[in-house]
Amino acid sequence: MAIFDNSEIKNEIVDSISQPEWLKELNDAQKIAVTNLNGPLLVLSGAGTGKTRVLTARLAQLIATRTANPFNILAVTFTNKAAREMRKRAVELVGPMAEQITLGTFHSVGAQMLRRNAELVGLKSNFTILDTDDQLRLIKQVMEAEELDLKRWPPRIILGLFSRWKDRGLTPEKITKSETGDAAQGRAKSLYKSYQDRLLSLNAADFGDLLLHMLTIFNENPDILLKYQQKLTHIMVDEYQDTNVAQYLWLRLMSSSHKNLCCVGDDDQSIYGWRGAEVGNILKFEKDFPGAGIVRLEQNYRSTGHILATASKLISHNEGRLGKSLFTSASDGEKIQVAGYWDGTEEARNISGHIENLIKNGQLLSEMAVLVRAGYQTREFEERFIAIGLPYRVVGTRFYERAEIRDALAYLRLVYQQSDDLAFERIINNPKRGLGEATLQLIHQLSRSKSISLFSAATHLVLSDELKPQAKRSLINFVNDITRWHSTCSSNSPAELAETILEESGYTTMWQMHKSPDAPGRLENLKELVTAIGEFESLSGFLEHISLVMDNEAQSKDGEVTLMTLHGAKGLEFETVFLPGWEEGIFPSQRTLEENGGAGLEEERRLAYVGITRARRNLFISFAANRRIHGLWQSAIPSRFISELPEGNLTEDMEKGLSIGRVEPIMIGEADTRVGKPGYGPAWQRMASSKGSVNVSAPVRGDGGIIEQKRQQVSFIVGDRVFHLKFGMGNVEGVEGDKLDIQFDKAGRKKVIASFVSHK
Ligand code: ATP
Ligand code: MG
């Protein structure tokens, strides 16, 4: 490892140029990184030390010193937004010629290159990039053709396996027995090959292919590789800690001739291990590029002393790290406020209160962010912000506008009111039940000619012979389902009804079977929807609420509060950051711990580090003692991360008399004897240290959110005259639980489910 000697370089800088704008503010170490333009260089340093700024300055420096033409430069960022911002800044610094820099994400640059060279791997340049839906359909077809048991080997698992192989740059030929194990009855390798062949025959590529194919092209066509090496003479990469092996190999090949590769990153911010990122790439860098310059930036320019100390202390609990020291010349600032709240609603209410206070003190909404662990957590905040008219933006999609939430709402709307034609159209074939365009057209025709709703038209249609048998069966089921759910509207709680509908319609199952990486998030959103509904007494009340929420988008010239996930916040900074939901199970996420154990915990801790270091001046961390999850109250335990924060940099959020006192009554077991005792240390620690004792009591406050199991069935006795949608009128001749034996007037004797028939 060659660490530059600062004194030597300084002279060089002073001699070479008279301090252009992008160099003026930089510290010595940053200047070294910006002015050493040739040869391999790794900038490895903590959050907020100016890594991204260095990269941008380097673009300007490369161009201004004529070390490279703009079109000779490739810069890779983690998001398209980051690329846009970097380009904008570069244009400001050196003018419009910065437009010619190749600047984008691995995916976008990879796609561009592959289109130019598609025929070399058997694709045409207009190939389609498949979304995860299509990928899943394709792998299913391939597996069915090979007669594999899809239950035993769920396609999404197999597809996941292929993605990981692609992340590691492994084409089918490179797969060894030890890679495949017994997956897909030991046939994973040939399956992978078939899947790849199928993609080619469709003139399609999946995300992993964008770089994988380029690797193949480079390896098999030295002339093409040479062309790129000659064209892109200077390569730079931001957020290097989150590159996977394929990306790494791609960078290494392209820079192997000129070795002008500059990577910046922070091992403590590696948060995409679950998507194949390899922190080890950082270590490999020094090996593959012997003599590479290593620059460590140690001054943090973003955050106050308290914030920086808190972040450093937390991350020191991770074992697998390179280790680094950070300092700031900024003042200590305000201590980090840690607070526990009674429940999520109170947490959202208090955070909104803090935001309002900050606005009064002149802070802009655009300088504040609420960062959550999982997408579904935005819901509670959105509702609160809407209620008080606080402008906000969700990076991603607002909760009630997410596709799965709109689908679920359409079910509820149709069940509540069968004449809701828009809802009908949205869900008639969602999940797919063989009711395509042709059926829908017939329904539309009938609805128009009789001036009745689509649903009524459907109920008429199923009594006729207009439809093909399979469509008819499907439509009958659909109509029966809606009718049945409708009949339980008044007897079931709305949350219970929603759960039943999502289950019985197959909608939840559809997402469970989905391979896309966002499927688990969508399932969480659906659960959160049920939680939201749990706060309402009636379905009508909830739907009324929704129509108001959907209609409400506060605008403000001072911008909006940002609501987003921690993953999305990487690289960003805000004056004030709120980190709610620091509870065991939520953060660290239960799923990550279960799937990845200790390594998973360390990745969650890095995510917490990313969250803390987004804040410039004010940081609020909070947890709730109770959460309504899936409509049921559960008590929560403060995240272990809270007990890992340095006490001296924290302050309890006392201003509003929040929290701690109020959560005491529900703590049970060992903690009971300690909590509330004076002198036992700060409350967040008392709470955190009680993590061994699981509280099983439910809160009995507010609207008594515990859902009673009161599934009411309409009862029938022998002799009742009943109507069944499919079989018509009949007489009940036997009752066996919820099954009825009915002699139908026209259809003869049948056994039917009680909820499918009604009294006449
Ligand atoms: P992260 O690890 O979070 O991506 P980073 O290392 O990329 O952080 P930057 O975002 O580049 O850090 O910089 C953090 C903040 O510090 C920015 O507001 C940036 O403008 C500022 N900054 C960086 N270097 C300096 C400097 N020498 N003088 C003043 N401000 C600086
Ligand atoms: Mg950065």
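1. A backbone N or O atom of Gly50 sits 3.0 Å from an oxygen atom of ligand 1. Glu25 uses a polar backbone atom, 3.0 Å from a nitrogen atom of ligand 1. With Glu573 a polar side-chain atom takes part, 2.5 Å from an oxygen atom of ligand 1. The protein buries 85% of the 640 Å² that ligand 1 exposes when taken alone (Shrake-Rupley areas, 1.4 Å probe).

2. Before going on: this is a predicted model, where local features need pLDDT of at least 70 and side-chain atom pairs pLDDT 80 or more, while totals for chains, interfaces and linings use all residues. Residues are numbered from 1 along each chain as its sequence is written, chains are lettered from A and ligands numbered from 1 in written order, and side-chain values use heavy atoms, with hydrogens and water left out.

3. Who else is around ligand 1? There are 19 residues around it, and Lys51, Thr52, Gln269, Glu573 and Arg614 come nearest (near means a heavy atom within 4 Å). By class, the shell has 3 nonpolar, 9 polar and 7 charged residues (Ala, Val, Leu, Ile, Met, Phe, Trp, Tyr, Cys and Pro are nonpolar, Asp, Glu, Lys and Arg charged, the others, Gly among them, polar). Helix α4 (residues 51-64) gives the most, 3 residues (helices are DSSP runs of H or I, at least four residues; strands are E, at least two; both numbered from the N terminus).

4. Ligand 1 lies between domain 1 (2-113 + 213-299) and domain 3 (337-391 + 554-708), because both give residues to its shell. The bounds come from an automatic or database domain assignment.

5. The whole structure has 3 cavities of 30 Å³ or more (sets of points on a 1 Å grid over the protein atoms alone where a 1.4 Å probe fits but cannot get out; lining residues have an atom within 4 Å of a point). Of its 11 lining residues, Ala339, Tyr341, Phe620, Ile621 and Ser622 are closest to the centre. Strand β10 supplies the largest share, 4 residues.

6. Backbone checks: cis peptide bonds join Asn430 to Pro431 and Phe587 to Pro588. Gln185, in helix α10 (residues 183-186), has a positive phi of about 50° despite not being a glycine.

Notes. On a 1 Å grid over the protein atoms alone, a cavity is a set of points where a 1.4 Å probe fits but cannot get out, and a pocket is an open set with protein on both sides within 12 Å along at least five of seven lines; lining residues have an atom within 4 Å of a point. Grid points are joined across faces, edges and corners, and a volume is the space filled by probe spheres set on the points. A polar contact is a pair of N or O atoms within 3.5 Å; within protein, one must be able to donate a hydrogen and the other to accept it, and residues adjacent in sequence count only if both atoms are side-chain atoms.
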